[in-house]
Amino acid sequence: MNREEKKLRHHFEKHERYVTAKSRKKRAQVRKSMAKKKGARTKFDHRRWETSGETSPSFEKRRRQLSLDALANPTPAPEPDDAAEAAMRDGLLISITRRIASVLAEGGLVECLLPSRLAATQQSEIAVGDRVRWLEKEDGSRWIHSVLPRATYLARPDPHYEHMQRVIAANVDVVVNVVSVKYPPLRPRLIDRYLIAIMQGGATPLICVNKIDLESDEELADELACLEAYAEFGVEYVLCSTKTGQGIATLASRLRGRCSVFVGHSGVGKSSILRSIVDLDTASVVDASTIRTGAISEAHGTGTHTTRLATLYDLGGGTAIIDTPGIREFGLMKLDVETLKSYFPEFDDLAIDCRFNDCSHTHEPECAVKDAVEADDVSEGRYETYLRLMEELREQGT
Ligand SMILES: Nc1nc2c(ncn2[C@@H]2O[C@H](COP(=O)(O)OP(=O)(O)OP(=O)(O)O)[C@@H](O)[C@H]2O)c(=O)[nH]1
Ligand SMILES: [Zn+2]
């Protein structure tokens, strides 16, 4: 070994010693931080489903990281042992509070406690309409064990943490966007937003316009003309009034044998419509007086915000309706431009004639969609919603 080689070897050995010492130090650091986390876990064990519903800061962080995939397929709990598996039962979640879930099971209604893992991710990983597995422990307490994968869902961003989804209802065939002609007034731009959220979750949309008793036929014809735009791309609308009973049978026929959810602004009449449907259905197993509406609430002087918890009503014969609390603003989860375009099906055929293949239908010349709006072939209001949402996407930097 010549002098040059010796020098090189010395250099390598020194480097190796340095790297080993550094990785030893790193491993020690990791061990130390793991030990710290372990300590924390004895207080907030995310995996121990029988622990209390306390929420750890790290859990809060994990909660906010839930993705769309996780939503459609909530994480199942760790597999139970054979004995527990045998005792496991299936059920349908009909309502949920912070710690307790009401489950419709084979023998009737049962109340189950939520494991801390689910209590903390409530409204994301577990929501009304979810199929759940539950078990009864030796001490007689009942617990939700896991949530089965969802077929559909309706979700919106958490009003406080926009990147986190809140599931309003799961496994619904139909989402009925209930609106009213007056008190509160019709807001078609809000319908557009609901429709996008419904399409995102995979259910069939239906628009229900309530309180038609409050307007003359002429007024109605004028105001409801904008709904034709939805009918043109296959979204049906039903007009009704719980005061006159008009349209209730038609609506009930659309929902028969399916699981639906009523969503919409507070006070549009969701609970009243549900009551009318139950009243009409003589075979219904639901006691209509258990459905709280604004009228009852007013009698008690508590205002019109009556429905506080989403609740599933099983009407029998395969018909179920979920009533939900009113929502003022309906935000949308993050979208990309192409997905947004796909939620405006009326643009599809037209877009073929746009000059640019990737036309965004906003600023480009020779845009067939813009031409159609000008020619009144596409609803100006819907196009306005599209532009507004495009603008929102740009602001978010999507
Ligand atoms: N004129 C008229 N009033 C109605 C009709 N349907 C419901 N209402 C009234 O509208 C008010 C609100 O009705 P609810 O059924 O509680 O409305 P909701 O959409 O369930 O409200 P939230 O639970 O707050 O979301 C009540 O005073 C009802 O009596 C209708 O067809 N015509
Ligand atoms: Zn275009």
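Among contacts in the chain between residues at least 6 apart in sequence, 65% join residues at least 24 apart (contact means heavy atoms within 4.5 Å). The model is predicted: local features need pLDDT of at least 70, side-chain atom pairs count only at pLDDT 80 or more, and totals for chains, interfaces and linings use all residues. Residues are numbered from 1 along each chain as its sequence is written, chains are lettered from A and ligands numbered from 1 in the order written, and side-chain values use heavy atoms, leaving out hydrogens and water.

**Exercise 1. State how many helices and strands the chain has, and what share of its residues is buried.**

Step 1. The chain has 15 helices and 13 strands. Both are DSSP runs, numbered from the N terminus: helices are H or I with at least four residues, strands are E with at least two.

Step 2. Of the 398 residues, 46% count as buried. Buried means under 20% relative accessible area, exposed over 50%, and partly exposed in between, with a 1.4 Å probe and protein chains only.

**Exercise 2. Describe the site of the zinc ion (ligand 2).**

Step 1. Find the donors. Cys354 (SG), Cys359 (SG), His361 (ND1) and Cys367 (SG) lie 2.1 to 2.4 Å from the zinc ion. Donors are N, O and S atoms within 2.8 Å of the metal (3.2 Å for Na, K and Ca); water is not among the atoms, so sites may look incomplete.

Step 2. Read the spacing. Along the chain it is C-x4-C-x1-H-x5-C.

Step 3. Check the angles. The 4 donor atoms subtend 105 to 116 degrees, so the arrangement is tetrahedral (four donors, all angles between 85 and 135 degrees). The ideal tetrahedral angle is 109.5 degrees.

Step 4. Look at His361. It sits in the loop between helix H13 (348-351) and helix H14 (368-374). His361 is buried, because its relative accessible area is 3%. Cys359 is buried too.

**Exercise 3. Describe how helix H6 (residues 188-201) meets helix H15 (residues 380-396).**

Step 1. Take the axes. They come within 9 Å and cross at roughly 65 degrees. Axes are lines fitted to C-alpha atoms, for helices over the stretch in contact; angles run from 0 to 180 degrees between N-to-C directions.

Step 2. List the residues. From H6 come Arg189, Asp192, Arg193, Leu195 and Ile196; they meet Gly381, Arg382, Glu384, Thr385, Leu389 and Glu392 in H15.

Step 3. Sort them by class. The contact of H6 with H15 has 3 nonpolar, 2 polar and 6 charged residues. Ala, Val, Leu, Ile, Met, Phe, Trp, Tyr, Cys and Pro count as nonpolar, Asp, Glu, Lys and Arg as charged, and the others, Gly among them, as polar.

**Exercise 4. Find the surroundings of Ser102.**

Step 1. Ser102 is in strand E2 (residues 100-105). At 11% relative accessible area, Ser102 is buried.

Step 2. Leaving out residues up to four places away in sequence, Ser102 touches Leu92, Leu93, Ile94, Ser95, Val110 and Glu111.

**Exercise 5. Describe the backbone at Pro184 and at Lys211.**

Step 1. Recall the background. Most residues other than glycine have a negative phi, and most peptide bonds are trans.

Step 2. The peptide bond from Tyr183 to Pro184 is cis, with omega near 0 degrees. Pro184 is in the loop between E8 and H6.

Step 3. Lys211 is not a glycine, yet has a positive phi of about 65 degrees. Lys211 lies in the loop between E9 and helix H7 (217-224).

Definitions and conventions: Four donors count as tetrahedral if all angles lie between 85 and 135 degrees; four count as square planar and six as octahedral if opposite donors are over 155 degrees apart and all others between 65 and 115; anything else is irregular.
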